Amino acid sequence: MVAGEAADAVRGMDLLHRRRFDLVLIDVNLPGIDGLTLAQALARRAQPPAVVLVSDDPAHAAQAFDANAIDFLTWPPRPERLQQALRKAQRFMESAAQAEGADMLVIPQRDQVLRLPVHEVVYFRAEMKYVTVRTPRHSHLLAGSLVDLQARLAGQFLRVHRNALVALRCLRALERAPADRSQEDRWQLRLEGVDEVLAVSRRQLAAVRAVFKARA
């Protein structure tokens, strides 16, 4: 069932603000703001819809998946190919519904929808328009914002820098950073499960110290 239509991205975003949609089909070649930009904006929402991008140019496929679309269709799509996209959308919606009631992250990938338990995450780090989700074994890219993740996962993750949230259970040691670090990042964290260290900003240092003091 078609629940709504819009002729351009501005009207489309207005419609999506007023109603919640489970699935959105977007033409890459929208007038004005293009469909790729619209898809990226939707992916940053706390509860993003499943997005399928459509174009008459197959060259847009890679860009579509970079925009976190769950599928890409060449126009006009074959009926069986459209059904395949709808089945992928259904799986995405089912995973998202389950994740809302549990500590799970739903991460769209090119050939599947990854459901990642939050307890496996060591840290989140903002990088350009994506967030790196770091586990002891893998790194994944998630379209979204640290602000949304911090609100959703309050009590499990601590903001240690403007670009990083760290799992409280993974805090191992707070130490002075090497002398070549900036005045802003004079402290760093060592974490359980990964070798790399994360900078602690001066603004967040007191909160980090308070966690270690409470554990002492």
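Four bridges join strand β2 (residues 50-55) to strand β3, and the two strands run parallel. Here, strands (E, at least two residues) and helices (H or I, at least four residues) are DSSP runs, numbered from the N terminus, and two strands pair if DSSP finds at least two bridges between them. The model is predicted, so to speak of local features a pLDDT of at least 70 is needed, while side-chain atom pairs count only at pLDDT 80 or more and totals for chains, interfaces and linings use all residues. Residues are numbered from 1 along each chain as its sequence is written, and side-chain values use heavy atoms, with hydrogens and water left out.

Strands β2 and β3 belong to an open sheet of three strands, in the order β1-β2-β3, with parallel pairing. At its edges lie β1 (23-27) and β3, each of which pairs on one side only. From one strand to the next, the twist averages 25°; the axes behind this value are lines fitted to C-alpha atoms, for helices over the stretch in contact, and angles run from 0 to 180 degrees between N-to-C directions. Within the sheet, Val 52 stands opposite Asp 71 in β3.

Side chains of opposite charge can pair when their charged atoms come close. A salt bridge is counted when a side-chain nitrogen of Lys or Arg is within 4 Å of a carboxyl oxygen of Asp or Glu, and by this rule there are eight salt bridges. In one of them, Lys 88 pairs with Asp 71, with 4.0 Å between the closest N and O atoms. This pair links distant parts of the chain, 17 residues apart: Lys 88 is in helix α4 (residues 79-100) and Asp 71 is in strand β3 (residues 71-74). Both Lys 88 and Asp 71 are buried, where buried means under 20% relative accessible area, exposed over 50%, and partly exposed in between (1.4 Å probe, protein chains only).

Another salt bridge joins the side chains of Arg 190 and Glu 175, at 2.9 Å from N to O. Here too, distant parts of the chain are linked, with Arg 190 in strand β12 (residues 187-191) and Glu 175 in strand β11 (residues 171-176), 15 residues apart. Arg 190 is partly exposed at 29% relative accessible area, and Glu 175 is partly exposed at 23%. Returning to Asp 71, salt bridges that share partners join this residue, Arg 81 and Lys 88 into one network.

Finally, Arg 11 forms a salt bridge with Asp 8, their closest N and O atoms being 2.4 Å apart. Arg 11 is exposed, with a relative accessible area of 52%, whereas Asp 8 is buried at 17%.
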